[in-house]
Amino acid sequence: MTERRIVGTTILCRPGEMVPGEIAWSPETGRITHLGPARGPAGPDDLDGSGRLVLPGLVNAHTHAGMGLLRGVSDDLPLATWLRRVRESEVRMTAGDVRAGLRLALAEMLRTGTVGFVDMFAWTPDLLGDVLAAGLRVNAAPAVFGYDGVAFPAAWDVTGAEVLDGVPALAAAVGGEPRVTVSYGLHAPYTCPPEMIRDVARRRAVDGVGVHIHLSETRREVEESVRRHGVSPVRLVADLGLLAGRTHVAHAVHLLDGDLELLAGEQVTVAHNPVSNLKLGAGVAPVPALLAAGVRLGLGTDSVASNNTLDLFEELKTGSLVQRGVAEDAAVTGVDGFLALATAGGAAALDQGLTGALAVGAPADLVLLDVTGTTATPLGSASSFVGYAATGADVTDVVVAGRTVVADRRCLTVDEEAARAEVVDRAAHLRRRVSAG
Ligand SMILES: [Zn+2]
């Protein structure tokens with residue numbers, strides 16, 4: 001059996017657990033074959049890991065990768081106005097625009113150490129094929145905004161009802177592919193009526209696929225839910241049967257009594273998106289309370305329209321620090337705890353049977369960070385660097401399922417320069433179409 005080896009390095013197997021030596025994997029099986037003391041010096045085909053830190057590949061627990069053209073399109077606006085402004089662009093985007101934005105997002109994620117992502121937007125077999133070719137993992141939910149509305153109406157001539165009907169076929173089309181999961185994508189309870197949420201809960205019970213939904217992102221959303229339905233968004237979807245099966249919730253910023261217990265259900269995962277929540281002025285999710293209640297929490301960026309990057313290292317630092325500011329307590333969140341959200345938490349949300357840790361027998365999903373740069377000097381602890389100083393620019397190499405997809409800071413699976421050029425061109429055309437009304 002051939003092996004790829006990284007020798008003479010430090011391996012952060014999981015938050016707080018460091019192993020010096022060597023990590024090796026089989027390109028054939030894509031799984032880790034050795035993790036521990038080095039078994040001799042690096043050979044000609046091995047990677048010298050000195051000056052590098054190996055950590056588990058990060059997983060983005062909530063994004064909309066197809067919105068790549070919309071970076072910075074609506075800065076400095078609250079969610080309700082932001083949604084209207086972004087929607088003006090979304091409804092004019094072509095299938096080519098979505099695909100170009102996705103390709104750039106795939107390159108950005110890989111170059112910043114993200115190996116998998118949980119996504120809600122337009123998904124077709126072609127777009128899933130682009131993700132597979134790029135080498136990432138995805139849990140993809142085609143989004144509906146009610147029975148009529150879809151994410152990009154000018155790109156594909158379908159209704160929300162047709163998108164729902166197509167989910168089992170889309171899941172079947174990629175059924176044998178371990179790096180792809182397909183879910184139902186309900187945008188939110190304020191765009192999808194209660195009968196639709198109940199309908200999807202029933203379909204999901206038959207089809208066995210999960211659901212991805214935005215819940216309780218803003219105080220206004222929760223207040224309107226109470227006014228219209230008498231209960232919080234979380235309670236509403238629970239009463240409609242949604243949380244009885246596999247459900248992934250984005251946000252959970254504003255919670256009412258009883259919501260924490262519902263979100264702690266064993267079928268539920270939650271994505272925390274600190275930068276997006278701060279940028280849109282939505283609020284700060286109660287992370288310590290969510291974790292204390294046993295909620296399975298991941299870390300997400302949301303789209304580049306509300307962030308404006310897909311760099312999870314930014315979420316790690318911002319997310320942990322803002323909790324301390326709110327609690328006025330530096331001990332309320334530790335860096336290892338937040339790194340666990342971006343690894344184990346994201347892996348749970350991905351729903352592919354992964355743990356987010358490096359171990360013999362686990363898939364080789366790993367990231368190499370350069371620890372020789374100025375911001376890593378002097379290197380105190382690896383956790384300190386990862387949590388407070390590292391950015392995606394420190395990522396040098398990325399391996400997903402045993403395949404090297406980034407080497408020496410160059411993405412091997414997506415032509416990043418071509419992807420950037422296409423997005424520049426398409427974004428300019430899109431802006432002109434939006435201006436023309
Ligand atoms: Zn979102």
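A search of the whole structure finds 0 disulfides. A disulfide is a covalent bond between the sulfur atoms of two cysteines; here the term covers a pair of cysteine sulfur atoms within 2.5 Å. Cys-192 counts as buried, at 1% relative accessibility. Cys-411 is also buried, at 7%. Buried means under 20% relative accessible area, exposed over 50%, and partly exposed in between, with a 1.4 Å probe and protein chains only. The model is predicted, so local features need pLDDT of at least 70 and side-chain atom pairs count only at pLDDT 80 or more, while totals for chains, interfaces and linings use all residues. Residues are numbered from 1 along each chain as its sequence is written, and side-chain values use heavy atoms, with hydrogens and water left out.

The zinc site comes next. The protein donors of the zinc ion are His-62 (NE2), His-64 (NE2), His-214 (NE2) and Asp-302 (OD). They lie 2.1 to 2.4 Å from the ion. Donors are N, O and S atoms within 2.8 Å of the metal (3.2 Å for Na, K and Ca); water is not among the atoms, so sites may look incomplete. Along the chain, the donors follow the spacing H-x1-H-x149-H-x87-D. His-62 and Asp-302 link distant parts of the chain, 240 residues apart. His-62 belongs to strand β6 (residues 58-63), while Asp-302 sits in the loop between β14 (296-299) and α11 (312-327). Helices (H or I, at least four residues) and strands (E, at least two) are DSSP runs, numbered from the N terminus. His-62 is buried, at 0% relative accessibility. Asp-302 is buried too, with a relative accessible area of 5%.

The angles among the 4 donor atoms run from 83 to 174 degrees, and the site is irregular. Four donors count as tetrahedral if all angles lie between 85 and 135 degrees; four count as square planar and six as octahedral if opposite donors are over 155 degrees apart and all others between 65 and 115; anything else is irregular.

Backbone geometry was also examined. Most residues other than glycine have a negative phi, and most peptide bonds are trans. Asp-302 is not a glycine, yet its phi is positive, at about 60 degrees. Ser-216 likewise has a positive phi, of about 50 degrees. Ser-216 lies in the loop between β11 (210-215) and α6, and is buried at 0%. A cis peptide bond joins Asn-307 and Asn-308, with omega about 15 degrees. Asn-308 is in the loop between β14 and α11. Another cis bond joins Thr-377 and Pro-378, with omega about -5 degrees. Pro-378 is found in the loop between β15 (366-370) and α13 (382-388).

The largest pocket holds about 400 Å³ of space. A pocket is an open set of points on a 1 Å grid over the protein atoms alone, where a 1.4 Å probe fits, with protein on both sides within 12 Å along at least five of seven lines. Lining residues have an atom within 4 Å of a point. Grid points are joined across faces, edges and corners, and a volume is the space filled by probe spheres set on the points. The lining has 20 residues, of which Tyr-190, Thr-218, Arg-220, Glu-221 and Glu-224 lie nearest the centre. α6 gives the most, with 7 residues.
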